[in-house]
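Hello,

Here is the structure I promised to hand over. My notes on it follow below.

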Amino acid sequence: MQFALLIYESPEAFATRKNDKINSYTGAWRAYHKALVEAGIFVAGDPLEVPETGTTVRLTEGRRRVQDGPYADTKEQLGGFTILELPSLDAALDWAARCPAASYGAVEVRPLTPELRRRITE
Amino acid sequence: MSGTGQEDTHRRIERVARESYGRLVAYLSAHTRDVASAEDALSDALVKALTAWPRDGLPQNPEAWLLTTARHAIIDHVRHQQVVLTSEPTLMLLREGQEEMTLSVEFPDERLKLLFVCAHPAIDPAIHTPLMLQTVLGLDAARIAGAFLVSPKTMGQRLVRAKTKIRDGGIQFDVPPQGELPQRLDAVLEAIYAAFGIGWDDTAGVDQRGRDLAEEAIWLARVLLQLMPREAEVRGLLALMLHCEARRKARRGPDGRYIPLSEQDAQQWSLPLIEEAERLLAETATFGRAGRFQLEAAIQSVHAERARSGRTEWAAITLFYEQLTRISPTLGTQTGYAAAVGESKGPEAGLAVLDGIELEAVSGYQPYWAVRAHLLQRLGRTPAAKDAYDRAIGLTEDPAVKEFLLQRRG
């Protein structure tokens with residue numbers, strides 16, 4: 001089964017990324033990534049740029065609407081994602097708890113839906 | 001009734017519930033073999049107590065009041081369901097006990113049977129501890145789910161499934177016969193220790209919930225000791241947990257920083273807890289049966305010696321670990337043995353022990369990588385050490401431990 005870990009971060013956490021003097025952010029993530037790869041469960045993943053760089057597009061009644069900033073107006077914003085290949089939700093929750101963001105933000109675990117994917121890609 | 005009076009009653013109900021929950025569930029389910037309905041009936045009774053006790057005053061024997069009320073709830077429920085065939089014995093059992101119940105103040109403590117049922121070989125070992133926490137201590141599924149890192153819905157379903165199996169699977173509410181006892185008791189001890197381990201790992205200094213779970217585990221072991229005073233391993237388990245508990249305060253700096261055992265200020269360890277643990281451990285010597293928990297307690301006892309002598313006898317610890325790996329060759333024991341060898345015979349020898357463990361087994365096991373990183377660093381093999389530190393950090397949940405390892409890694 002594949003699971004997505006959706007990483008939610010606070011403005012403070014996004015700010016820490018830029019600060020190279022503090023090693024605990026990148027250090028913890030580097031170690032986590034290494035553990036995922038070595039365990040043979042890493043499928044894909046990437047960090048996202050800070051939410052302010054987002055641009056949201058939608059068409060309402062045929063008119064284009066473009067909005068600066070992220071889709072949802074919440075304090076904690078999507079900051080990245082990781083896709084893991086794991087036997088069960090239990091295992092996914094174990095890895096979510098080890099994710100650095102679990103202690104400074106939040107990690108949502110969501111299964112991927114291969115059935116829908118098949119219908120779309122076939 | 002005045003506000004304070006009501007508050008008192010509420011607190012009283014809470015206390016009776018806390019102290020009697022397991023005894024009441026155990027007694028009711030030992031008769032019906034239906035843990036779930038015993039729990040439902042008891043929560044019914046507790047809800048009724050919330051209105052009846054403030055109105056009518058506290059009953060003379062609150063425990064008996066709850067038991068009688070819960071028993072009525074079960075009888076009502078069974079009648080309502082009209083499952084005549086299967087429930088007739090239940091009804092009879094309940095009727096039989098009724099008169100004796102309302103009259104006498106004491107009722108038999110069936111918690112031991114309940115503990116053995118929770119850790120029954122027919123029940124999935126992964127659910128032994130959650131079952132105990134719920135049926136004997138009355139913790140709710142959401143709280144248990146958090147501790148075990150599964151979703152509350154899933155934990156609820158697993159608990160229900162296990163209780164259905166207890167009811168329908170013909171699992172006896174009995175203390176196992178002498179021949180099966182050591183193995184069956186082992187499962188009970190394992191489950192209690194697992195609760196302690198979770199409480200222990202959870203203690204990020206700020207998290208009161210983790211701490212509670214460790215205390216609950218110690219409480220369970222005390223109950224078990226009271227019920228089985230002649231079992232050396234029960235004493236061993238309690239001694240082990242008390243030794244660890246004694247160091248709780250010293251495990252964190254004032255800023256929440258993680259402090260490893262070797263750097264803890266021994267003056268901060270709790271002397272009364274250490275003394276109690278030592279007393280228990282000394283008593284096991286008279287039983288003449290060594291076991292896993294006694295050995296683990298003995299290792300902690302050597303560590304505790306540092307409070308007096310100022311140094312750690314790693315040679316003694318290595319010897320105890322050697323015996324431990326023989327009777328209980330788990331990943332944890334082997335890693336602990338490697339760490340002890342690393343101290344008593346040097347990092348090279350410690351690494352050799354680690355190299356003897358199958359690599360596949362350790363890909364998700366944090367302590368292995370932490371010990372490995374430490375030993376490699378002592379040998380000056382910096383790139384390999386950094387690599388092992390990364391593995392350990394990536395597998396760590398506790399942010400304070402993560403930070404500690406990051407600093408060690410450099």
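Chain A reads β-α-α-β-β-β-β-α-α-β-α along its sequence. That comes to five helices and six strands. Helices (H or I, at least four residues) and strands (E, at least two) are DSSP runs, numbered from the N terminus.

Conventions: this is a predicted model, where local features need pLDDT of at least 70 and side-chain atom pairs count only at pLDDT 80 or more, while totals for chains, interfaces and linings use all residues. Residues are numbered from 1 along each chain as its sequence is written, chains are lettered from A and ligands numbered from 1 in the order in which they are written, and side-chain values use heavy atoms, with hydrogens and water left out.

**Chain A overall**

The C-alpha atoms fill a box of roughly 50 × 45 × 20 Å along the principal axes. Of the 122 residues in chain A, 33% are buried (under 20% relative accessible area; exposed is over 50%, partly exposed in between; 1.4 Å probe, protein chains only). Take the contacts (heavy atoms within 4.5 Å) between residues at least 6 apart in sequence: 75% join residues at least 24 apart. Chain A exposes about 7800 Å², and carbon and sulfur atoms supply 54% of it. Areas come from the Shrake-Rupley method with a 1.4 Å probe; for residues, only the protein chains shown count as cover.

**A spot on chain A**

Leu78(A) lies in strand E5, residues 77–85. Leu78(A) counts as partly exposed because its relative accessibility is 34%.

**Chain B: Ala232**

Ala232(B) sits in helix H11, residues 232–246. Ala232(B) counts as buried because its relative accessible area is 2%. Beyond its neighbours within four places in sequence, Ala232(B) touches Thr284(B), Phe287(B), Arg289(B) and Gln294(B). Glu263(B) is 31 residues away along the chain, with 32 Å between the two C-alpha atoms.

**Chain B: Arg247**

Arg247(B) is in the loop between H11 and helix H12 (271–284). Which side chain of opposite charge is nearest to Arg247(B)? Glu278(B), 8.0 Å away. Arg247(B) is buried yet has no salt bridge (a side-chain nitrogen of Lys or Arg within 4 Å of a carboxyl oxygen of Asp or Glu). For charge, Lys and Arg count as positive and Asp and Glu as negative; His and the chain ends are not counted. Beyond its neighbours within four places in sequence, the contacts of Arg247(B) include Leu261(B), Trp269(B), Gln300(B) and His303(B).

Best wishes
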